[in-house]
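Subject: Handover of a protein model

Dear colleague,

Please find the model for your review below.

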Amino acid sequence: MSLPRLEQLLARLVPGESDSETETSLSLPHERVLARACGLAPADGRIAWAAWQVKQGGGDPGGAAWARITPCHWRVGSDHVAMDDPAGLALDEPESRALLAAVRPFFEEDGIALDYSAPTLWLARGEIFRDFPAASLDRVIGRKVDDWLPRVAGAGPVRRLQQEVQMLLYTSEANDQRQQRGLPPVNSFWVSGTGALPAGATALPQSLTVADALRGPALAGDWAAWAAAWREIDAREGAALLQSLSSGRPVTLTLAGERSARSWTSAGGGWLRRLGGMFGGARAAVELEAL
């Protein structure tokens, strides 16, 4: 691909900080970058996104431990089970609320309070999530679920809860109606974004821009759409960044893939804009930030 503006940016910026892990880390590199920007500890698999989201929504997470619960479809193959992208469920609010009402008693039996946030996002509060490492949803989408299931001490109740919910959802009337409409059933859930909100956590900077047009095509393996999204990003955000750089405003560019993130900065340092998306391989991100 020809990405002339990105090439110009990289040629004019100076290499800066890097963040390296492996492709088996539970949290993606760009999540760790964003976590630091929000004052969240970037501990692998324990970035408290759920508690942070409660606060950003005007709630009070207190000192409780929270988790994101994502209703999803596990696709059963001949030798493995894989997770489809929850966005493809086309789940609407009434369906999601009906499913949540059905599974809530199972969560409550384990001392977990469960509340609706969005069709594919429920927020759970329970002590079990305080130090519970969980793989990011984007690590699992399109991949073998078994490779990412939590196996740490204390994971037993969550694994059991998944099994109980799977049996319940198998006979769900809401799922029967979905399948009659040709939609995949919701047959499990995924836990992520666990932990309690640390002191000093903040909202994303107002000037923060995340362009995630690359994520969907990359997760789906649609490389024509992925290439088109890259060209759009280069023409739109890339041009804006070059203009800011030429005006003397400090710029930082961060490229993040499956294993690592690497930043490049202008001579003056500082942050200008963050542009997020997916590039290269199956999953990655490009980010730039303005403060």
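**Overall architecture**

The protein chain has 9 helices and 11 strands; helices (H or I, at least four residues) and strands (E, at least two) are DSSP runs, numbered from the N terminus. Please note that this is a predicted model, in which local features need pLDDT of at least 70 and side-chain atom pairs count only at pLDDT 80 or more, while totals for chains, interfaces and linings use all residues. Residues are numbered from 1 along each chain as its sequence is written, and side-chain values use heavy atoms, with hydrogens and water left out.

The C-alpha trace of the protein chain spans about 60 × 45 × 35 Å along its principal axes. For 291 residues, a compact globule would have a radius of gyration near 19 Å, and the 20 Å of the protein chain agrees with this. That radius is taken over C-alpha atoms, and the globule rule is 2.2 Å times the number of residues to the power 0.38.

Of the 291 residues in the protein chain, 47% are buried. Here buried means under 20% relative accessible area, exposed means over 50%, and partly exposed lies in between (1.4 Å probe, protein chains only). The accessible surface of the protein chain comes to about 13300 Å², and carbon and sulfur atoms account for 51% of this surface. These areas come from the Shrake-Rupley method with a 1.4 Å probe; for residues, only the protein chains shown count as cover.

Among contacts in the protein chain with a separation of 6 or more, 68% are between residues 24 or more positions apart. A contact means heavy atoms within 4.5 Å. As to charge, the mean positions of the 29 positive and 34 negative charges of the protein chain are 5 Å apart. Lys and Arg count as positive and Asp and Glu as negative, whereas His and the chain ends are not counted; the place of a charge is taken as NZ of Lys, CZ of Arg, CG of Asp or CD of Glu.

Helix 2 is mostly covered, with 7 of its 9 residues buried. The buried residues in helix 2 are P29, H30, E31, R32, V33, L34 and A35. Just after helix 2, G39 takes a positive phi of about 75°.

L28 lies in the loop between strand 1 (14-20) and helix 2. With a relative accessible area of 2%, L28 is buried. Not counting residues up to four places away in sequence, L28 touches S136, D138 and R139. L28 and R259 are 231 residues apart in sequence, yet their C-alpha atoms are 7.6 Å apart in space.

**Helix 3 and its surroundings**

In helix 3 (residues 49-56), W49, A50, A51, W52 and V54 are the buried residues. They pack against helix 2 (29-37), strand 2 (65-72), strand 6 and strand 7. K55 also lies in helix 3, but at 39% relative accessibility K55 counts as partly exposed. Leaving out residues up to four places away in sequence, K55 touches P61, L197 and A201. Between K55 and E108, 53 residues apart in sequence, the C-alpha to C-alpha distance is 22 Å. Just after helix 3, G58 takes a positive phi of about 95°.

Strand 5 (residues 113-118) pairs with strand 6 (residues 121-125) in the antiparallel sense over 5 bridges; two strands pair if DSSP finds at least two bridges between them. A hairpin of 2 residues joins strand 5 to strand 6. The bridge partner of Y116 in strand 6 is W122.

S192 is found in strand 7 (residues 188-196). At 8% relative accessibility, S192 counts as buried. S192 touches A67, R68, A134, A135 and L137, not counting residues up to four places away in sequence.

**Two loop positions**

A90 is placed in the loop between strand 4 (81-83) and helix 4 (93-109). A90 has a positive phi of about 55° although it is not a glycine.

D79 is placed in the loop between strand 3 (74-76) and strand 4. With a relative accessible area of 64%, D79 is exposed. The C-alpha atoms of D79 and P205 are separated by 45 Å, and these residues are 126 residues apart along the chain.

Yours sincerely
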